[in-house]
Structures are given as structure tokens and as C-alpha cells.
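Reader: I am new to this structure. Please take one part of it and look at it closely. Then tell me how that part sits in the rest.

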Amino acid sequence: MAQKRAPTAAKRQLVVFLAREDFAHLEAACLAFGIGKSELVRRLIRASVDIGPALSLEDGKKLAPLGKELRAIGRNIAQIVKGINLGYAPQLTDSEELFRTVYLTLAQMNATIQTRIVAYGSRLRRGAGLKALAGKEPA
């Protein structure tokens, strides 16, 4: 029976179980960057500490009120649908303000999240020494 070696103070071992699709992405990334799997994982870990999460605590605080508003609007829509199903068909003009608010809130959330994602992706690409994606991010 093979005996397990105790990791030295300098090295630690990590075992990761990946779905086939995720493993295929890992292998594709290794080919794209010309490095092995272990080195890719080490670089991702270092980059995550240097660059930080895609949505910071500040970003989360900005999105929280929008989410709260959107949930309240969703409850109103659910009540409208329930009324329609019970035979109380509300006039669409009565609900116009609600639908406009939903649309504007979703547009605002989308813009905020898109800005954060593009900025985060740009930072990741710069950190990896890659070119910016044409038309997707600032140069």
C-alpha cells in the first residue's frame, strides 16, 4: 500500500473535483497561457488576492437597495397576476407606472452590474498581460 507523504512546510497539496466542462475550460486556459494546471491555479489564486472580487462590498451595498426595490415590485406583479387568474382583470393603464418602474430598475441594475463586470474583466486582462477585448472594454 502506498504511504502518503506529509506535506513539507514549503508545499501544500490541493485536490479539486471538476465537472467535465470545467476541466475542459481549465485545459483550454492552460493551452492559451502555455502553462500547466498547477501554475494556472497558483496564478489565479495570486490574482484573486491582488485584484479582488468581481463585486466588492461597496458594489454590493449599491446593488442592495435596487434588489429590495425589485423584490417589492415583483410582489406587486404577483398580486396583479393573481388578480388576473381570479378574474379581476386590472386595466393595464393602472399598472403602467409599475411596469415603468420595473423596467427602469432592471435597466439600472443591468448597467451597474455590467460596469462592474467590464471593469473587473479589464483589470484581470491587464494583470495577465492580455490585450483588451475590442469594443468590450476601455483600452
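Author: Start with Cys30, and with what it touches. Leaving aside residues up to four places away in sequence, Cys30 is in contact with Ile35, Gly36, Lys37 and Leu40. Keep in mind that this is a predicted model.

Where does Cys30 sit? Its place is in helix 1, which covers residues 20–33. Is Cys30 buried or exposed? Its relative accessible area is 10%. Buried means under 20%, so Cys30 counts as buried.

Now take helix 1 itself. It has 14 residues. From its first C-alpha to its last it reaches 20 Å. That is close to the 20 Å expected at 1.5 Å a residue. Just after helix 1 comes Gly34, which takes a positive phi of about 70°.

Val41 is eleven residues away from Cys30 in sequence. In space, the two are 9.7 Å apart, C-alpha to C-alpha.

Glu27 is another residue of helix 1. How exposed is Glu27? Its relative accessible area is 36%. Cys30, by contrast, is buried. Glu27 and Leu40 lie 13 residues apart in sequence. Their C-alpha atoms are 9.8 Å apart in space.

Next, the largest pocket. It holds about 460 Å³ of space. How many residues line the largest pocket? There are 13, and Leu14, Val16, Lys37, Ser38 and Val41 lie nearest its centre. Helix 2 gives the most, with five residues. By kind, the lining divides into eight nonpolar, two polar and three charged residues. Two names return here.

At 41% relative accessibility, Lys62 counts as partly exposed. Lys62 and Met109 are 47 residues apart in sequence. In space they are 9.4 Å apart, C-alpha to C-alpha.

Last, the whole chain. It has four helices and zero strands. From the N terminus on, the order is α-α-α-α. Of its 139 residues, 16% count as buried. Cys30 is one of the buried residues. Take the contacts between residues at least 6 apart in sequence: 49% of them join residues at least 24 apart. The chain exposes about 11800 Å². Carbon and sulfur atoms supply 60% of that area.

Technical notes
Residues numbered from 1 in each chain as written. Predicted model: local features only at pLDDT ≥ 70, side-chain atom pairs only at ≥ 80, totals over all residues. Heavy atoms only, no water. Helix = DSSP H or I, 4+ residues; strand = E, 2+ residues; numbered from the N terminus. Buried < 20%, exposed > 50% of the residue type's maximum accessible area, 1.4 Å probe, protein only. Contact = heavy atoms within 4.5 Å. 1 Å grid on protein atoms, 1.4 Å probe; cavity = no way out; pocket = protein on both sides within 12 Å on 5 of 7 lines; lining within 4 Å. Points joined across faces, edges and corners; volume = space filled by probe spheres on them. Nonpolar A, V, L, I, M, F, W, Y, C, P; charged D, E, K, R; others polar. Areas by Shrake-Rupley, 256 points an atom, 1.4 Å probe, with all protein chains shown as cover. Expected span 1.5 Å × (residues − 1).
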